[in-house]
Amino acid sequence: MRILVVEDEPLLADAVAQGLRHEAHAVDVAYDGAAALERFGVNDYDVVVLDRDIPAVHGDDVCRVIVTKGETRVLMLTAAAGIDDRVTGLSLGADDYLPKPFAFRELSARVTALGRRSRPAAPPILRRGGISLDPHRREVHRDGRYVPLSRKEFAVLAELLRADGTAVSAEVLLEKAWDENADPFTHAVRMTILKLRRKLGEPPVVLTEPGVGYRIP
């Protein structure tokens, strides 16, 4: 998934982002509301983890802008944990509300659940072309053989499997598997596809559609 973490405490923001990246998500970070809106206007996010009490533009106003798009899920993450605070946050359009302090495992589980709601329903285990991918265990098998993948390779393969046989462009793969620091003019996607093909073995299962992208038939 592509995730935006909005938190004005840099250490906390960076720790949450790093934890989510370890789970094969592409994560951007904003330390205030203005930066959050700027990134939201440029990138398509599946989930935004949003602190309410942030500078420049208040988190409530950021939430209002996000929910108008209707496609991005919002997890409010804040020290304001009273019942009235939660009701207010949810009434703004937030999809979930997690008070501080929190356990990262719970945050990750909530983000994953919201991500499922931001996309069409998919089976718990993705299967195609002899490949099975378990998003929760982070495991991939081909014809019963375990295939060790890097986080980027896992994220790219998941996107190809979710496409259900249709081609996925390099631009979409870059958007979903890399963060905003990725250079769109690099060969990152092509090199990841090459490594993925090598690890998945013969016969080749990831095909190239010239001028279109990549697909698993």
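**Notebook: aspartate 51 and the cores**

I started with aspartate 51 and listed its contacts beyond four places in sequence: Val6, Glu7, Asp8, Gly59, Leu77, Thr78 and Lys100. I'm keeping in mind that this is a predicted model.

Next I checked where aspartate 51 sits, and found it in the loop between strand E3 (47–50) and helix H3 (59–69). Is aspartate 51 buried or exposed? Its relative accessible area is 4%, and buried means under 20%, so I noted it as buried. I also looked at the UniProt record, an unreviewed entry, which lists Asp51 for "modified residue: 4-aspartylphosphate".

Then I turned to the cores. The largest nonpolar core has 27 residues, and Leu157 and Leu160 have the most contacts inside it. Strand E7 (131–134), helix H6 (151–162), helix H7 (170–177) and helix H8 (188–200) each give it two or more residues. Which of them gives the most? I found H6, with seven residues.

Val6 was already on my list of aspartate 51 contacts.

Last, the sheet. I traced four strands in an open sheet, ordered E6-E7-E8-E9 with antiparallel pairing. Strand E6 (126–128) and strand E9 (145–146) are at the edges with a single partner strand each, so one side of each has no neighbour in the sheet. Two bridges join E8 (residues 139–142) to E9, and arginine 142 stands opposite arginine 145 in E9. I saw H6 again here: it packs on the sheet, touching E6, E7 and E8, at about 115° to the direction of E7.

Notes
Residues are numbered from 1 along each chain as its sequence is written. This is a predicted model: local features need pLDDT of at least 70, side-chain atom pairs count only at pLDDT 80 or more; totals for chains, interfaces and linings use all residues. Side-chain values use heavy atoms; hydrogens and water are left out. UniProt positions are given in the numbering used here, feature names are shortened, and annotations may be inferred rather than shown by experiment. Buried means under 20% relative accessible area, exposed over 50%, partly exposed in between (1.4 Å probe, protein chains only). Contact means heavy atoms within 4.5 Å. A nonpolar core is a set of buried Ala, Val, Leu, Ile, Met, Phe, Trp, Tyr and Cys residues joined through side-chain atoms within 4.5 Å. Two strands pair if DSSP finds at least two bridges between them. Axes are lines fitted to C-alpha atoms, for helices over the stretch in contact, and angles run from 0 to 180 degrees between N-to-C directions.
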